[in-house]
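Hi,

Here is the structure I promised to send over. Have a look at it first, and then read on for my notes.

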Amino acid sequence: MNEKITILLSTGNPDKAKELRALLGDRFLVKTKTEAGFADLDIDETGSTLAENARLKVSGLYHALLLAGENPDTYWLLADDTGLFVDALKGRPGIYAARYAGPHATYQDNVDKLLGEMQGVAWAHRGAHFKTVIALCRNGITETVEGVLDGRILEMPRGANGFGYDPVFYIPEEGRTLAEMTDEEKNHVSHRSRAYRALLAQLAQEEKGERL
């Protein structure tokens with residue numbers, strides 16, 4: 001894998017692309033679906049799990065490339081799906097984290113709804129975890145890996161970095177929220193970085209002929 005490989009992301013989210021570029025380094029050329037000319041591609045996330053939704057997003061991009069007359073097997077197609085699972089809310093928002101407050105919700109809308117539902121919940125019961133599942137399609141074959149980060153939901157946001165629920169997701173071992181970390185610090189501990197490290201470890205083993 002000495003040649004730079006183009007990875008097409010089945011997302012138009014620039015925040016995700018920025019994180020991924022930092023995590024993968026310059027071995028790969030990372031493009032969002034928007035940068036690849038598929039800004040209008042809208043894939044219904046109808047799965048009941050993160051893995052199903054990640055696979056749907058990859059499959060949708062694969063078929064869009066075919067319809068555009070391109071060979072999807074010249075790229076690595078990648079999608080991830082992330083959920084926030086809050087103990088006191090019986091796992092909500094779960095797979096609906098990105099659109100918890102509605103289909104066009106902003107990051108702040110989602111945080112506000114979460115904090116509203118968590119009002120009055122004692123600290124001991126504010127446990128939660130982020131989970132990211134990555135789907136990678138190469139030559140028509142899709143595999144998944146995952147990463148998990150445990151933490152707690154604060155009563156008030158803290159920090160101005162990151163995005164999504166980062167300002168209210170507190171990591172006890174770090175003594176701070178994800179939004180209080182620099183991008184580099186977050187990339188060492190986040191659920192998404194853990195999933196991508198698992199993916200990179202798998203790729204490294206493949207290079208040695210030890211496919212998982």
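Let me start with helix 1, which supplies the largest share of the lining of the second largest pocket, namely 4 residues. Please keep in mind that this is a predicted model, and that everything below is computed from it.

**The second largest pocket**

About 170 Å³ of space lies in this second largest pocket. Its lining consists of Asp15, Lys18, Glu19, Ala22, Asn161, Gly162, Phe163, Asp183, Lys186 and Asn187. Besides helix 1, helix 4 (183-189) also supplies at least two of the lining residues. Sorted by class, the lining of the second largest pocket has 5 charged, 3 polar and 2 nonpolar residues.

**Helix 1 itself**

Which residues of helix 1 are buried? They are Lys16, Ala17, Glu19, Leu20, Leu23 and Leu24. Looking down the axis of helix 1, you will find these buried residues within an arc of 165°, so they line one face of the helix. If you want the background, an α-helix has 3.6 residues a turn, so residues three or four places apart point the same way. On the face of helix 1 turned away from the buried side sit the exposed residues Pro14, Lys18 and Ala22.

And what covers the buried residues of helix 1? The cover includes strand 1 (5-9), strand 2 (28-32), helix 2 (50-67), strand 3, helix 4 and helix 5. Just after helix 1 comes Gly25, which takes a positive phi of about 75°.

**The largest pocket**

Now for the largest pocket, with a volume of about 1000 Å³. It is lined by 35 residues, and the closest to its centre are Asn13, Lys16, Glu45, Ala98 and Arg99. Helix 1 (14-24), strand 3 (76-86), helix 3 (107-117) and helix 5 (191-207) are the elements that give two or more residues to this lining. By class, the lining of the largest pocket divides into 13 nonpolar, 11 polar and 11 charged residues.

**The cavity**

How many cavities of 30 Å³ or more does the structure hold? There is 1. The largest cavity has a volume of about 60 Å³. Around the largest cavity you will find Leu9, Ser10, Thr11, Lys16, Leu20, Lys57, Leu78, Ala79, Asp80 and Tyr196 as lining residues. Helix 1 and strand 3 each give at least two residues to the lining of the largest cavity, with the largest share, 3 residues, coming from strand 3. Split by class, the lining of the largest cavity has 5 nonpolar, 2 polar and 3 charged residues.

**The nonpolar cores**

The largest nonpolar core has 21 residues, and those with the most contacts inside it are Leu84, Val86, Leu114, Ile153, Tyr165, Phe169 and Leu178. The elements that give two or more residues to this core are strand 3, helix 3, strand 5 (127-138), strand 6 (141-153) and strand 7 (169-171). Helix 3 provides the largest share of this core, 3 residues.

Leaving aside neighbours within four places in sequence, Leu114 is in contact with Leu84, Val86, Leu89, Pro93, Tyr100, Ile153, Tyr165 and Val168. A second, separate core of 18 residues includes Leu9, Trp76, Leu136 and Leu203.

**Two single residues**

Pro93, one of the contacts of Leu114, lies in strand 4 (residues 93-94). Is Pro93 buried or exposed? With a relative accessible area of 3%, which is under the 20% cut-off, Pro93 is buried. Not counting residues up to four places away in sequence, Pro93 touches Leu84, Val86, Tyr100, Leu114 and Tyr165. Pro93 and Asn110 are 17 residues apart along the chain, and their C-alpha atoms are separated by 9.4 Å.

Asn71 is placed in the loop between helix 2 and strand 3. Asn71 has a relative accessible area of 42% and is partly exposed. From Asn71 to Asn139 is 68 residues in sequence, yet the two are 9.7 Å apart in space, C-alpha to C-alpha.

Cheers

Terms used:
Residues numbered from 1 in each chain as written. Predicted model: local features only at pLDDT ≥ 70, side-chain atom pairs only at ≥ 80, totals over all residues. Heavy atoms only, no water. 1 Å grid on protein atoms, 1.4 Å probe; cavity = no way out; pocket = protein on both sides within 12 Å on 5 of 7 lines; lining within 4 Å. Points joined across faces, edges and corners; volume = space filled by probe spheres on them. Nonpolar A, V, L, I, M, F, W, Y, C, P; charged D, E, K, R; others polar. Core = buried A, V, L, I, M, F, W, Y, C linked by side-chain atoms within 4.5 Å. Buried < 20%, exposed > 50% of the residue type's maximum accessible area, 1.4 Å probe, protein only. Contact = heavy atoms within 4.5 Å. Arc of directions from axis to C-beta.
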